[in-house]
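This report describes charged contacts, strand pairing and surface charge in one protein model. The sequence and structure are shown first.

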Amino acid sequence: TYEIKNILPTPKYVFEYDDYYLINKKGEKVGNTYRRIGYAVGNYYVATIDNNIKVIINDKGKELVKAESIDIDEVKEDNYYAILKHSDDTYAVYDLKKKKEIIRLDSKPSLREHYFKTSKNDKVQYYSYKKGKLFHEA
C-alpha cells in the first residue's frame with residue numbers, strides 16, 4: 001500500500017495496484033474501493049468504477065451521483081456544481097451542496113457565476129441555478 005503524497009485536503013487517498021480508496025486522519029479506510037480517484041474541489045473527489053463509470057464522492061467516502069463523465073466547478077465561493085454526462089447522451093447540472101440534479105439537457109451546458117447556458121436549435125439558452133428555469137433565449 002502506498003500513500004499518494006499530493007497536497008490534498010484530508011482525507012488522503014491510497015492505492016494498492018489498481019484499487020484506490022480514501023483514508024481518514026487515523027489512516028482508516030472510508031468508503032468503497034475504486035479503479036481511480038482524483039481530487040475535484042472542496043471536499044469532493046471523482047472516482048472511476050468498472051466500465052469507466054464516474055462517481056462523485058465526498059470526503060467521508062459517500063457516493064453522491066454516477067455518470068459517464070463528470071466535470072465539477074466552483075461557480076461562486078463554496079457553491080459547487082457538476083456537469084454530468086449520462087449514457088443517453090443527455091447532460092445534467094448537479095448541485096453538490098443540495099445533492100440533487102437541477103435540470104437535464106440535450107447539449108452540454110457552460111457554467112457561469114450566476115447562471116448556466118447551453119444551445120438548442122441554434123439559440124443560446126440561459127438558465128438559473130436556483131430552479132433550473134430558462135430565463136432568456138437569444
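Arg-104 is partly exposed, with a relative accessible area of 38%; here buried means under 20% relative accessible area, exposed over 50%, and partly exposed in between (1.4 Å probe, protein chains only). The model is predicted, so that local features need pLDDT of at least 70 and side-chain atom pairs count only at pLDDT 80 or more, while totals for chains, interfaces and linings use all residues. Residues are numbered from 1 along each chain as its sequence is written, and side-chain values use heavy atoms, with hydrogens and water left out.

**Salt bridges**

Side chains of opposite charge can pair when their charged atoms come close. A salt bridge is taken as a side-chain nitrogen of Lys or Arg within 4 Å of a carboxyl oxygen of Asp or Glu. Searching the whole structure gives five salt bridges.

| Glu-63 | Lys-66 | 3.8 Å |

Helices (H or I, at least four residues) and strands (E, at least two) are DSSP runs, numbered from the N terminus. Asp-88 counts as partly exposed, at 47% relative accessibility. Together with Glu-101, the residues Asp-88 and Arg-104 are linked in a network of salt bridges.

The members of the other two listed pairs can be described in the same terms.

**An open antiparallel sheet**

Four strands form an open sheet in the order β13-β14-β15-β16, with antiparallel pairing. The edges are β13 (110-111) and β16 (134-137); each has a single partner strand, so one side of each is left without a neighbour in the sheet. Two strands pair if DSSP finds at least two bridges between them. Strand β15 (residues 123-128) is joined to β16 by three bridges, and the two run antiparallel. Within this pairing, Tyr-126 stands opposite His-136 in β16, and Tyr-127 has Leu-134 of β16 as its bridge partner. β15 and β16 form a hairpin with five residues between them, and Gly-132 in the turn has a positive phi of about 70 degrees.

**Surface charge**

Lys-98, Lys-100, Lys-130, Lys-131 and Lys-133 form a positive surface patch. Patches consist of residues with over 30% relative accessible area and no salt bridge, with like charges joined within 9 Å and nonpolar side chains (Val, Leu, Ile, Met, Phe, Trp, Tyr) within 5 Å.

Glu-77 is found in the loop between β9 (69-76) and β10. At 70% relative accessibility, Glu-77 counts as exposed. The C-alpha atoms of Glu-77 and Glu-113 are separated by 9.6 Å, although the residues are 36 apart along the chain.

Technical notes. Accessible areas come from the Shrake-Rupley method with a 1.4 Å probe; for residues, only the protein chains shown count as cover. Lys and Arg count as positive and Asp and Glu as negative; His and the chain ends are not counted. The place of a charge is taken as NZ of Lys, CZ of Arg, CG of Asp or CD of Glu.
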